Amino acid sequence: MVYSANYLLKHWLCAFAMLAVIGPSLAFAQKAVSTNDFPLQKIEITLDDTQSLSLIVEIAQTHAKRAQGLMHREVLTDSQGMLFIWPDRAVRQFWMKNTPLSLDILFFDEFGTLVHLAEAQTPFSERIVTSLMPVQYVLELPAGDTNRYGIELGAKLTHFLP
C-alpha cells in the first residue's frame with residue numbers, strides 16, 4: 001500500500017502532537033513512583049577495635065524522604081539499606097505499614113553509637129517501634145543483616161556526612 005506524502009506528514013504531526021501533550025504526564029507519573037530518588041552514600045559501621053563494615057545506603061534526610069522511607073519497596077539486597085538522618089536528637093518511632101520487607105531497625109545516638117536495635121520487624125505491621133531514648137540516626141537493613149554482620153549495641157556509625 002502506498003501513502004501520499006501529505007497523508008504521512010499529517011499522521012506524523014498528529015502523533016507528534018499527542019506525544020508532546022501526553023509525554024510530560026507519563027514522565028511525571030513514572031517519576032512519582034520511582035524508588036531510586038534517594039541519594040546513595042557509603043557508610044561504615046565500626047563493630048569493634050579490629051572490624052568494620054562498609055555499606056552503600058540510601059539517605060533519607062528531609063521530612064518527605066523520611067516519611068516515605070522504604071514503604072512499598074519489594075526488594076532490598078544484602079548490604080543495602082536506608083539511613084535516616086535528623087538535624088537533632090529525639091525519641092524516634094517507626095512502623096512497618098506499607099512495607100512488604102522484614103527489616104532490622106538500628107537506632108544511633110548523636111555520636112553515632114548504636115543504642116537500640118529492633119530485629120526482624122514484621123512486614124505491614126502497624127505496631128510502633130520506638131528508639132527508647134533520643135537518637136539522631138536510624139538505619140534500616142534487610143532482616144538478618146544485624147546478625148549476619150555481627151552488629152551489636154555499642155557499634156559506631158562512622159564515615160558519613162550528616
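The following is a conversation about how some terms apply to a predicted model.

Colleague: What should I know before we start?

Modeller: The model is predicted, so local features need pLDDT of at least 70 and side-chain atom pairs count only at pLDDT 80 or more, while totals for chains, interfaces and linings use all residues. Residues are numbered from 1 along each chain as its sequence is written, and side-chain values use heavy atoms, with hydrogens and water left out.

Colleague: Why is Arg92 called buried?

Modeller: Buried means under 20% relative accessible area, exposed means over 50%, and partly exposed is in between, with a 1.4 Å probe and protein chains only. Arg92 has a relative accessible area of 10%, so Arg92 is buried.

Colleague: Where does Arg92 lie, and which residues is Arg92 in contact with, leaving aside its neighbours within four places in sequence?

Modeller: Arg92 lies in the loop between β3 (80–90) and β4 (93–94). Strands (E, at least two residues) and helices (H or I, at least four) are DSSP runs, numbered from the N terminus. Contact means heavy atoms within 4.5 Å. With those neighbours left aside, the contacts of Arg92 include Trp86, Phe107 and Val138.

Colleague: What makes the approach of Asp88 to Arg92 a polar contact?

Modeller: A polar contact is a pair of N or O atoms within 3.5 Å; within protein, one must be able to donate a hydrogen and the other to accept it, and residues adjacent in sequence count only if both atoms are side-chain atoms. The backbone oxygen of Asp88 lies 2.5 Å from a polar atom of the Arg92 side chain.

Colleague: Why is His72 called exposed?

Modeller: The relative accessible area of His72 is 54%, and therefore His72 is exposed. His72 is found in the loop between α2 (63–68) and β3. Phi of His72 is near 70 degrees, a positive value in a residue other than glycine.

Colleague: Why does Leu132 count as exposed?

Modeller: Because its relative accessible area is 59%, Leu132 is exposed. Leu132 sits in the loop between β7 (129–130) and β8 (135–142).

Colleague: How many aromatic pairs does a search of the whole structure find?

Modeller: The search finds four aromatic pairs. Rings of Phe, Tyr and Trp (its six-membered ring) pair if their centres lie within 6.5 Å; planes under 30 degrees apart count as stacked, over 60 as edge-to-face and the rest as tilted. Phe84 and Trp86 are 6.3 Å apart, centre to centre, with 20 degrees between the planes, and this pair is stacked. Trp86 and Phe94 are 6.2 Å apart, centre to centre, with 85 degrees between the planes, and this pair is edge-to-face.

Colleague: Why does Phe94 count as buried?

Modeller: Phe94 has 9% relative accessibility, so Phe94 counts as buried. Trp86, at 13%, therefore counts as buried.

Colleague: How do you know that β2 and β3 pair?

Modeller: Two strands pair if DSSP finds at least two bridges between them. Five bridges join β2 (residues 52–60) to β3, and these strands run parallel. Ile59 stands opposite Leu83 in β3. β3 and β8 also pair over five bridges, in the antiparallel sense.

Colleague: What makes the charged end of Lys65 sit over the ring of Phe38?

Modeller: A charge sits over a ring if NZ of Lys or CZ of Arg is within 6 Å of the ring centre and within 35 degrees of the ring normal. The charged end of Lys65 sits over the ring of Phe38, 5.0 Å from its centre.
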